[in-house]
Amino acid sequence: KTAECEGIEKHGDDHVIEVDNKSLTHRPDLWGHYGMAREVAAITGKKLLDPVASHEFPGAAAIKVSIRDYTLCPRYSALVFENVKVGPSPLWLKYRLEAIGLNPINNIVDVTNYVLAELPQPMHAFDADKLRGGEIIVRSANDGETMAALNGESYTLDSSNLVIADAEGAIAVAGVIGGADSSISATTTRIVLESANFNASSVRKTSSKLKLRTDASMRFEKALDPVNTLRGLQRAYALLLEVCPGIRLVGGVADNLRPLEAAPAIEL
């Protein structure tokens with residue numbers, strides 16, 4: 001074994017933990033590694049380590065966010081970054097994504113996929129220079145509105161579909177897939193990082209209607225916690241500083257939300 005492996009640098013452990021999740025698919029927190037770790041910690045009595053370092057984002061937001069219907073989108077949080085250099089992710093990030101069946105794309109997109117798998121909080125990055133009007137609008141699609149998506153397909157939408165839009169049209173189908181026109185590319189130097197929460201039924205129906213299930217839609221349709229949007233940004237911020245040296249935050253966080261209600265007490 002040692003003779004065969006001589007000269008090969010070790011990049012990761014080959015341990016596999018298989019969890020039979022058939023009876024747990026209704027638990028949105030268990031669609032991420034942190035939620036599964038919390039479950040194991042509760043069962044074993046071990047200490048749970050939170051990967052999210054608390055970070056404040058002071059100052060005025062560099063992007064405006066408007067939500068037309070808080071029932072469909074209870075919360076939308078976003079950050080703007082400049083001095084972005086898009087390139088391959090470091091090997092450790094590629095390895096971790098590949099280990100769970102996700103394809104590495106570039107350092108920016110890989111960070112969003114990492115947070116999706118870890119917390120789990122789906123995220124999306126837009127090329128800020130491709131957005132029109134300086135405002136992100138969360139609204140229902142117009143009947144007949146079309147959008148070219150990241151998967152190379154074009155979709156015709158209607159008012160039952162929730163979209164993320166700029167001043168001129170849809171730039172993402174909320175909770176399902178991003179648009180090609182605002183996608184990250186090798187020439188991207190500024191990004192808007194989205195971390196949002198969408199109505200589970202709305203995402204499920206749109207995903208079914210478009211015949212498109214994605215890693216994001218599979219989590220959103222389980223009803224994620226709106227508190228996670230800021231946690232997602234905090235985690236992504238720390239990762240971006242690591243994998244994209246020189247990246248700079250512009251302004252504070254845009255955080256549009258309806259008042260969060262405390263969960264009802266459970267009497268035992």
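Reply: Two strands pair if DSSP finds at least two bridges between them; strands (E, at least two residues) and helices (H or I, at least four) are DSSP runs numbered from the N terminus. This is a predicted model, in which local features need pLDDT of at least 70, side-chain atom pairs count only at pLDDT 80 or more, and totals for chains, interfaces and linings use all residues. Residues are numbered from 1 along each chain, and side-chain values use heavy atoms, without hydrogens and water. Five strands form an open sheet with mixed pairing, in the order 1-4-7-8-9.

Me: What makes strand 1 and strand 9 edges of the sheet?

Reply: Strand 1 (64–67) and strand 9 (177–178) each have a single partner strand, so one side of each lacks a neighbour in the sheet.

Me: How do you know that strand 8 and strand 9 pair?

Reply: Strand 8 (residues 170–173) and strand 9 share two bridges, in the antiparallel sense, and the definition asks for at least two.

Me: Why are the buried residues of helix 2 said to line one face?

Reply: Tyr34, Gly35 and Ala41 are buried in helix 2, that is, under 20% relative accessible area with a 1.4 Å probe, protein chains only. Seen down the axis of helix 2, the buried residues fall within an arc of 120°, so they line one face; the arc is that of the directions from the helix axis to the C-beta atoms.

Technical notes:
Buried means under 20% relative accessible area, exposed over 50%, partly exposed in between (1.4 Å probe, protein chains only).
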